[in-house]
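Take a walk through this structure, one contact at a time. Keep the coordinates open and follow along.

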Amino acid sequence: MSHFLGSRLDRQWFIVRHVQMRKDMLLTVTPKSPDCKLPFDSSSNSQGLADLLQAIKHPYIWPVSDLVLQKEQQIAIVLQPFNSKGSLKDLIRNTRPQSAWSAKTTTQNKGLSLKQIRLYGRQILEALIYLKENNFPPHKHLHSGNVIYKSGVCYLSGLDNMFLGYSSSLQQLLYRKIRNNIEALDVLCFGHLLFEMTCGRELDSAHPDSDDYAQCKHPEVKEVLEFIFNKSKEYPSIGEVAGHDFFTSCNLVELKTNPPQPIKLSSGMKSIMKVIHKSKLPK
C-alpha cells in the first residue's frame, strides 16, 4: 500500500507501508541525472551504493534503508524511514510534511530560539564532520528540507545526492562564489541554513547583505554568519565552524551515548567512492 506524498519537477515522494517492519517508509523516485558518473546498468554499482549508504550509522544522520539504481527506466529509488514530524524546514516554517513545497519556501516565520539554533546547528555540523572524516564527498544539498527533525534532534538526510550528481538550486546560487572549491559548498550551505533558522526565511543571495544581517535577532548568530561569509579571507572549514565559541557549549547527549564508528569499506564501496571523488562539481 502506498500514498503519494508530493513531487517536484525531477522527484516524486511516496509513503509506503513496510509489511515486515510494520511501519511507514518514505520512498523517493528520481530520474538519473546527466551529471551522474555511476552507470545504472551495473548491479554491482546499485548494491555497492546501497551498502555504502547503509553503512553510515551516526546519531545525527537519518538512515537509508535501501537504494536501487533501476537500469531499464534509469531511475534511482531510495527507501528511508518516514518521519511524521517532517523536516527542520517544517519546524522553522510551522508547516506539515504534506504541505506543498511552495508553501514551505514562501511562508516566513519568526525563526527558532537561540538555544535551538545552537543545538541543531551543532548536530548538523557533527554529521558533516563525520562524513568528512570517513572520506565522503561533500553533501552539496544541505538545506532545511534535507534535515529531519524528531523529538528535539536533527538528522542530516539526502545522502544519496552526494553520489547521484543532482544539482540543487542553492548550489547554482553559490557556484560563482566557490568556483572549484567544492569543499566550501557545505560551509556556505550551512550558513544559509543558519540564517533561515534565525530569521525564518531563506537568503535570496549567495552572501547576506547589510539588510539581512540587520534582521538577525541574535547577535551571537550574526557573529557566526560573518565568520562564515567573511569576504576578506578563505571560507572556513566545517570543523572550524563547529569550533566557533557559539557551538562549543552544546551538550550532545546522543553523541555520548551512541558514538559513531568508522566505516569499513568493501572493494565495491571503494570503487564507488573513487568514481565520485574524480567527478567535478555540476555547473
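Is Asp160 buried or exposed? The model is predicted, and in it Asp160 has a relative accessibility of 5%. Asp160 therefore counts as buried.

Asp160 forms a salt bridge with Arg11, and the closest N and O atoms are 3.6 Å apart. Asp160 sits in the loop between E7 and helix H5 (161–164), while Arg11 belongs to strand E2 (residues 11–18), so the bridge ties together parts that are 149 residues apart in sequence. Arg11 has a relative accessible area of 8%, so this residue is buried too. Arg11 has another contact to inspect. It lies over the face of Tyr166, at 5.4 Å from the ring centre.

How many salt bridges does the count come to? The count is eight. Asp24 and Arg17 make one of them, with their side chains meeting at 3.3 Å, N to O. Here the setting is partly exposed. Asp24 has a relative accessible area of 33%, which puts this residue in the partly exposed class. Arg17 counts as partly exposed as well, because its relative accessibility is 42%.

Next, turn to Glu183. This residue forms a salt bridge with Lys132, with 3.2 Å between the closest N and O atoms. Glu183 lies in helix H7 and Lys132 in helix H4 (residues 114–133), so the pair ties together parts that are 51 residues apart in sequence. Glu183 is partly exposed, with a relative accessible area of 40%. Salt bridges also join up into a network, which links Lys89, Arg93, Glu196 and Glu202.

Glu183 leads us to H7 itself. H7 is mostly covered, since 16 of its 17 residues are buried. Just after the helix, Gly200 takes a positive phi of about 75°.

Where do those covered residues go? The largest nonpolar core has 78 residues. Leu49, Leu88, Phe163 and Leu194 have the most contacts inside this core. H7 gives the most to the core, with 11 residues.

Pick Leu88 and list its neighbours. Leaving aside residues up to four places away in sequence, Leu88 touches Leu112, Tyr120, Ile124, Ser144, Val147, Tyr149, Cys154, Leu193 and Met197.

Now follow the rings. The structure holds five aromatic pairs. One of them joins Trp62 and Tyr155 edge-to-face, at 5.2 Å centre to centre and with 65° between the planes. This pair links distant parts of the chain. Trp62 lies in the loop between helix H1 (43–54) and strand E4 (66–70), and Tyr155 lies in strand E7 (residues 153–156), 93 residues apart. Trp62 counts as buried because its relative accessibility is 8%. Tyr155 has a relative accessible area of 18%; the cut-off for buried is under 20%, so Tyr155 is buried.

Another edge-to-face pair is formed by Phe246 and Phe247, at 4.9 Å centre to centre and with 75° between the planes. Phe246 counts as buried at 4% relative accessibility. Phe247 is buried with a relative accessible area of 0%. Ring pairs link Phe246 and Phe247 with Phe190 into a cluster.

One last stop is a cysteine. Where is Cys250 found? Cys250 is in the loop between helix H10 (238–242) and helix H11 (253–257). Its relative accessible area is 16%, so Cys250 is buried. Not counting residues up to four places away in sequence, Cys250 touches Arg118, Leu119 and Arg122. Cys250 and Arg118 are 132 residues apart in sequence, yet their C-alpha atoms are 7.1 Å apart in space.

Technical notes: Residues are numbered from 1 along each chain as its sequence is written. This is a predicted model: local features need pLDDT of at least 70, side-chain atom pairs count only at pLDDT 80 or more; totals for chains, interfaces and linings use all residues. Side-chain values use heavy atoms; hydrogens and water are left out. Buried means under 20% relative accessible area, exposed over 50%, partly exposed in between (1.4 Å probe, protein chains only). Helices (H or I, at least four residues) and strands (E, at least two) are DSSP runs, numbered from the N terminus. A nonpolar core is a set of buried Ala, Val, Leu, Ile, Met, Phe, Trp, Tyr and Cys residues joined through side-chain atoms within 4.5 Å. Contact means heavy atoms within 4.5 Å. Rings of Phe, Tyr and Trp (its six-membered ring) pair if their centres lie within 6.5 Å; planes under 30 degrees apart count as stacked, over 60 as edge-to-face and the rest as tilted. A charge sits over a ring if NZ of Lys or CZ of Arg is within 6 Å of the ring centre and within 35 degrees of the ring normal. A salt bridge is a side-chain nitrogen of Lys or Arg within 4 Å of a carboxyl oxygen of Asp or Glu.
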